[in-house]
Amino acid sequence: MLFRTVLKEEFNRLIDIFLSSHEVIAPKRIDVDRDGKPVHQFLPVSSIDEIDLGYETTEYSAKTYFLPFKETLSSFCYEDGDWEQEIKYRLMPRFLVGLHPCDINALLKLDKVLARDYFPSPYYISRRKNTFIVGIDHEPCEGGFCRAVGADTVTHGFDLFLTDLGDRYFVAINSDRGYNALNRVQCREVTEQDNQDYLHARAQIAQGHKDLPIHNLPNLMDIEFESPVWDQWGAKCLGCGSCAQVCPTCYCYGVKEDVSMDHTRSEKKKILYSCCIKDFAEVAGGHNFRPDRATRLKYRYYHQHRGFAESYESPMCVGCNRCGRACLAGINPPDIIRDLQEEGTV
Amino acid sequence: MKHVLEPYDITRESEMLAPLDYNRRSRLKDTDRIYPAEIINVIRLTEMEKLFQVRIIDDTDRERFTFLPGQFVMLEVPGYGEVPISISSSLSHKGFIELCIRRVGLVTNVLHKTKRGSKVGIRGPFGTHFPMDKMRGNNILLIAGGLGLAPLRAPIFHVIENRSYYKDVYILYGAKETNLLLFNYQYEEWERIADINLRVIAEEGDANWTGEIGLITDLLDDIQVDPGSTSAIVCGPPVMFKFVCSRLTEMGIPMHRMFVSLERRMHCGMGKCCRCNIGSTYTCLDGPVFDYWSVLNLKEAI
């Protein structure tokens, strides 16, 4: 990996260059919550002033720019009793600035399912390759447990990655297009002092992380499959599916077809879904393999921490705790995992 | 000024330009491209089920379309939706597919109203298949309950067409009521084939029924096979698996030689939508055909 440092004003000039030619998505402060804490979202921005790179977290993850809530898979045109199918993929490149390591790790996990393995998704790959990603280090966010799931650092999956060194950024360059983009502004080779400042900044961040006893979780998930912990938490679950919507790695969906009012066109759309919603595992004729909320909640955790780990050697969860913050019933992974661990030691 | 980033057009990738073939799973392709297909014939089976004979319209696509017994396709009715349906036909008619469909939801009800000549779409084939090659030299038990005869029909045709590969062959079929029995016009044909044992049973008979009455497991009582060289394929509702497979276990047939086909409502068929997940096992990729030992190891599989 190549490293450079760039002064903050120079980096802002780079964003201006992005803004002049492409769509730029960045963390934007949109509101304050009831405790007076700022609320941020990844949104399209038109000027540098709208960007807040010092944000703590966002309500939604940046997943939506790779797996939009609604996406047209194909459309059908009808004429004279016949039809034709049409398929389009995203072509417009865009810049996504300010992703935290957890969100970049989330994309790396999505890559495993959607860009490799069986049936790589041309929809996802088009969006992924047409997105220039600038990541940034940050102080640990409240409630997050990214370090426990090994998602607090990244070494790939981005074009540029920034670490704040006060007046300048320490930049890791991970692609040729990242290299070329950075060379449009003034940057310089790293000095010994830069390296030391960088390592110091990293150490500061690492200190701030809270520990969560997450070891042995796949095995524990298997052993505690019948645990009352699931019934206790399941009883709280409202089955609304908010957790999956804000999750940076949840990718499940349903398909729906919309017909135009004049019956000349229809669109086959994929709509992101959630395994906590009641009819997720329903089959023809009405049989439901996971009819109650506790079973569905358990399935969600089982897939994230046991099933995915079995298939891809690490849990699907990146520890951002967005699901915990979004849950109306106060269900959050650290508490469930702690309960399971306690159950395991009784 | 030159753009900082050039657009990436996935349709120019060489794999995308190659002919569409769903059997090449790991290659990049138009994953939602359907083969336009014509409904050649509609055959009424019962009040609830019809058999649709469907042919891929394009000659080269039809030639390239190959499947194995136990696999399924996604059947698209444009404007209504897409449903996973197991293939019910013999492998020997290329690009000509039979789909036995019960009307239960939006798409299947619309299909029941369509006529011969309608144009639908097909994606696939998807999923695992019954390992017919590995079963060579074995006695074969083909067991179905209710709608389970639909996925079982492909291996039945395969066994009939390759009869010499297998030792004793039993086809056992049961349904709740006699008027729910599927493909009853075919029993006589199968029965007349020398050296194929067909037995049909209904839980409740009616005035015209002269066949056996009872449960599907009753048929296993007087079957004498060497369990060491016997394979079984079991298709039907989940509750049937438990009873039939434990009965087969009693007979001494190892669980890794019993194969079942699981039902889930897939929305993609390609391990992406998660709707068919059991734990993290995708029924569409690792199934729908599983050996029974694998099924026992999956949480909430049946």
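Trainee: At what angle do the axes of α7 and α9 of chain A cross?
Mentor: In this predicted model, the axes of helix α7 (residues 228-236) of chain A and α9(A) cross at roughly 110° and come within 8 Å. Axes are lines fitted to C-alpha atoms, for helices over the stretch in contact, with angles from 0 to 180 degrees between N-to-C directions. Helices (H or I, at least four residues) and strands (E, at least two) are DSSP runs numbered from the N terminus.

Trainee: What is the orientation of α7(A) and α9(A) to each other?
Mentor: They are therefore roughly perpendicular, the term for 65 to 115 degrees; under 35 counts as roughly parallel, over 145 as roughly antiparallel and the rest as oblique.

Trainee: Which residues meet there?
Mentor: From α7(A), A:Trp230, A:Asp231, A:Trp233, A:Gly234 and A:Ala235 meet A:Arg293, A:Ala294, A:Leu297 and A:Lys298 of α9(A). Contact requires C-beta atoms, placed from the backbone, within 7 Å. By class there are 5 nonpolar, 1 polar and 3 charged residues. Ala, Val, Leu, Ile, Met, Phe, Trp, Tyr, Cys and Pro count as nonpolar, Asp, Glu, Lys and Arg as charged, and the others, Gly among them, as polar.

Trainee: What are the conventions for numbering and confidence?
Mentor: Residues are numbered from 1 along each chain as its sequence is written, while chains are lettered from A and ligands numbered from 1 in the order in which they are written. Because the model is predicted, local features need pLDDT of at least 70 and side-chain atom pairs count only at pLDDT 80 or more, whereas totals for chains, interfaces and linings use all residues.

Trainee: How many residues does each chain give to the contact between A and B?
Mentor: Chain A gives 51 residues and chain B gives 42. On the side of chain A, α9(A) has the largest share, with 7 residues. That side divides into 30 nonpolar, 13 polar and 8 charged residues.

Trainee: Where do the domains of chain A lie?
Mentor: Domain 1 of chain A covers 2-67 + 89-207 and domain 2 covers 217-250 + 277-345; such bounds come from an automatic or database domain assignment. Their C-alpha centres lie 28 Å apart. The contact takes 20 residues from domain 1 of chain A and 18 from domain 2 of chain A.

Trainee: And what are the domains of chain B?
Mentor: Chain B has domain 1 (10-126) and domain 2 (139-297), with C-alpha centres 23 Å apart. In their contact, 21 residues of domain 1 of chain B meet 21 residues of domain 2 of chain B. β6(B) gives the most to the domain 1 side, with 3 residues. By class, that side has 9 nonpolar, 9 polar and 3 charged residues.

Trainee: What is the strand order of the open sheet in chain B?
Mentor: The order of its 6 strands is β4-β3-β6-β1-β2-β5, with antiparallel pairing; a pair needs at least two DSSP bridges. β4 and β5 of chain B are at the edges with a single partner strand each, so one side of each has no neighbour in the sheet. The twist averages 40° from one strand to the next.

Trainee: Which helix packs on that sheet?
Mentor: Helix α3 (residues 106-113) of chain B does, touching β2 (49-56), β3, β4 and β5 of chain B. Its direction makes about 80° with that of β4(B).

Trainee: How many bridges join β3(B) and β4(B)?
Mentor: They pair in the antiparallel sense over 6 bridges. B:Met74 stands opposite B:Pro84 in β4(B).

Note on methods
Two residues are in contact if their C-beta atoms, placed from the backbone, lie within 7 Å.
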